[in-house]
Amino acid sequence: MAVSIRNLSEPIGAEATGVDLSRPVDAETADRLRRAFVDRALLVIRDQTLDAPRFLAATRLFGAPVRQHLEKFNLPDCPDVATISNQEKTKEGKINVRGVSWHTDHSFQPEPPKATALFAVALPSTGGDTDWAHMGAAYDALPDDLRAKVDRLEAVHAYTESRMPPSVAERIAAGEDDASDGVVHPLIRTHPENGRRTIYLNPLRVRRFRGMTPETCADLIERLVEHSTRPEFVYTHRWRPGDMVIWDNRSCIHKANTDYDFKELRLLYRIILAGDRPH
Ligand SMILES: [Fe+2]
């Protein structure tokens, strides 16, 4: 049976059926899947039966898996595959669900991952959807004044929950505007495979935009998130058993939802694929 691919929503998302990634796929099928992933920013591949090693092999169709930095979540027998679970606890014993506000993965790295893939291992009976927003469509729809403001901005990304620590304000006030406190990426990047301009924003990790005060940065981040996550740019995925989902971190931001019964296990495998420096 040949793979069938259809769009899930406008402007983001495609769904592939009729393909079994637990076995090698032919070159034409691999090309069609890769094209859908780049063109649609998000690809859902239905009805897969994958253990961790097979999931890892399947993602190699799209790129090179890399080790994830929070090692405690990596599977001991297959360490390039990590788990995302609703049973994770903080040191204080509280449930710790990651990724519940809009973000793109690992933007604090000099070469952030081009893609992230998830495979549904266990799902709650209802809820637990994931949202993606298309940052290319959001860029195209920016009002002129906002586009003029963001086109040449550079953002400092850092791995910290604290977006605007006072020390940064002090440093900016003192005229220090280097990037020693993080990694600098352009706010507007050009996709290396399809040439599309996208807003490369990570509200969780952007500390500031170079040359702007912390207050102005916070306002701008808020305005951009509000604009980019309007319903017309967003696809909400309702997970089904057997779903493998892969998305393009260069083209979209995402978030998890916690609207389900936490007594039910929600467990996904996650793999990230190597990317290059945003331009
Ligand atoms: Fe994420």
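Here are a few exercises on this predicted model, each with a worked solution.

Residues are numbered from 1 along each chain as its sequence is written, and side-chain values use heavy atoms, with hydrogens and water left out. Because the model is predicted, local features need pLDDT of at least 70 and side-chain atom pairs count only at pLDDT 80 or more, while totals for chains, interfaces and linings use all residues.

**Exercise 1: the iron site**

Find the protein donors of the iron ion and work out how they are spaced along the chain.

Solution. Start with the rule: donors are N, O and S atoms within 2.8 Å of the metal (3.2 Å for Na, K and Ca), and water is not among the atoms, so sites may look incomplete. Next, look around the iron ion: His 103 gives NE2, Asp 105 gives OD and His 254 gives NE2, at 2.1 to 2.2 Å. Written as a spacing along the chain, that reads H-x1-D-x148-H.

Buried means under 20% relative accessible area, exposed over 50%, and partly exposed in between (1.4 Å probe, protein chains only). His 103 has 10%, so it is buried, and Asp 105 is buried too, with 4%.

**Exercise 2: the largest pocket**

Describe the largest pocket: its volume, its lining and the strands that supply residues to it.

Solution. First, the idea behind the search: rolling a probe the size of a water molecule over the atoms shows where empty space is left. The search runs on a 1 Å grid over the protein atoms alone; a pocket is an open set of points with protein on both sides within 12 Å along at least five of seven lines, a cavity is a set where a 1.4 Å probe fits but cannot get out, and lining residues have an atom within 4 Å of a point. Grid points are joined across faces, edges and corners, and a volume is the space filled by probe spheres set on the points.

The largest pocket holds about 840 Å³ of space. Its lining has 39 residues, and those nearest the centre are Val 97, Arg 98, Gly 99, His 103 and Arg 270. His 103 is also one of the iron donors.

β6, β7 (115–122), β16 (252–256) and β17 (267–273) each supply at least two lining residues. The largest share is three residues, from β16.

Last, sort the lining by type. Ala, Val, Leu, Ile, Met, Phe, Trp, Tyr, Cys and Pro count as nonpolar, Asp, Glu, Lys and Arg as charged, and the others, Gly among them, as polar. That gives 13 nonpolar, 15 polar and 11 charged residues.

**Exercise 3: an enclosed space**

How many cavities of 30 Å³ or more does a search of the whole structure find, and which residues line the largest cavity?

Solution. The search turns up one. The largest cavity has about 30 Å³ of space. Around it sit Val 38, Asp 39, Ala 41, His 134, Asn 194, Arg 196, Thr 198 and Ser 251. By type, the lining splits into two nonpolar, four polar and two charged residues.

**Exercise 4: contacts of Thr 83**

Is Thr 83 buried or exposed, and which residues is it in contact with, leaving aside neighbours within four places in sequence?

Solution. Thr 83 is part of strand β6 (residues 78–85). Its relative accessibility is 17%, so Thr 83 counts as buried. Contact means heavy atoms within 4.5 Å. By that rule, Thr 83 is in contact with Phe 73, Leu 75, Glu 88, Arg 98, Leu 267, Leu 268 and Tyr 269.

Methods: Helix = DSSP H or I, 4+ residues; strand = E, 2+ residues; numbered from the N terminus.
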